[in-house]
Amino acid sequence: MTHNEVRDHWMKELGIGLGVGALFGMTSVAVGQPLDTIKTKMQAQKGYIEKGGLMKTAHQIVRTEGLRGFYRGALPPLFGSGVFRSLQFAVFEGAYTMMEGTALEQEIPHTMGLQMRVLAAGAIAATSRAVVECPIEYIKTRRQTGQSWVLRHMFQGFNIVWARTLGLMGTYFILIDTIRRNAPETFNTPAGQFLASGVAATTCWWIVWPLELLKTQVQAGMSFGPGNDTIRARLRAMGAMHGGMRGMYRGILPGSLRSLIANGSSMVVMQWAQRKVTELGIRSTGSEQASGAEGEPARDEAAKDALDTAVKG
């Protein structure tokens, strides 16, 4: 569960999730694109992958492409990210709400109250995101590395995208749900919302970063020579180039900064939108649901009195 508002019917929560998720996605790209471009070039473009950290890569981009180079390939994810991120939140909220009252509402022992439906809804949401995200990420990566894209290659690297997204979003929903249940006051202030989402998302990226590296290289068409394009060969080549495990985490600094800033800012915007949805009456409030429930006995009693009067008459 990604918000503390009183929940409505699962179909309405799905619709609301589409809207607020789109705001999350567009904010994320607008804020994080320059750092994402630096990360991509460090991972998958010759002339950048061999050496150089965040500052050196940024300086090289400015020198060769100008400031516009940081936003190369930004248009597809600006709109596309709004689509797949709105989808991930919509599907999660819809599935999570639909599973109320089922066996999946059972808490997992020793997890501070984590329910099975968080895992199930997270897996469904992650899969939905991967299907939409793969072609968008492919176009973005090709543009960021100065290449053209080919329609028939739109789902290049989908197996890696799916595995990465399952780990990424599954962990993210678990962390956000755990914070919401055990420290709900965190979401009462913009600073708390920023830190909760930013730190949670960055932690998730650290877990799946080798898969993100592989995804970027495959979609960019990065090759280490004939017969060296398997997952094992790529990891071995990166390890040899950058000194063991460090190679698998190439670009982690700009990636972490992007994640913290973009996901933190996006959560602040999304939580604001969730509150506005409730304030505008789009989502039923707790008092409305309670008054509706309390009104039933009164209507039943009125109907009974009318029936008695009719019988006596």
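Helices are DSSP runs of H or I with at least four residues, numbered from the N terminus, and the expected span of a helix is 1.5 Å times one less than its number of residues. The model is predicted, with local features requiring pLDDT of at least 70 and side-chain atom pairs pLDDT 80 or more, while totals for chains, interfaces and linings use all residues. Residues are numbered from 1 along each chain as its sequence is written, and side-chain values use heavy atoms, leaving out hydrogens and water.

**View 1. The bend in helix α1.** Helix α1 covers residues 10-44 and spans only 41 Å between its end C-alpha atoms, whereas a straight helix of 35 residues would span 51 Å. At Gly32, α1 bends by about 65 degrees (the angle between axes fitted to the seven residues ending there and the seven starting there). Pro34 follows within four residues.

**View 2. Helix α9 and the residue after it.** Just after α9, Gly281 has a positive phi of about 85 degrees.

**View 3. Packing of α1 against α9.** The axes of α1 and α9 (residues 252-279) lie 8 Å apart at an angle of about 165 degrees, with axes fitted to C-alpha atoms over the stretch in contact and angles running from 0 to 180 degrees between N-to-C directions. The two helices are therefore roughly antiparallel (over 145 degrees; under 35 is roughly parallel, 65 to 115 roughly perpendicular and the rest oblique).

**View 4. An aromatic pair.** Phe92 and Phe173 are stacked, 4.0 Å centre to centre with 5 degrees between the planes (ring centres within 6.5 Å; planes under 30 degrees apart are stacked, over 60 edge-to-face and the rest tilted). Phe92 lies in α3 and Phe173 in α5, 81 residues apart.

Terms used
Phe/Tyr/Trp six-rings, centres within 6.5 Å; stacked < 30°, edge-to-face > 60°.
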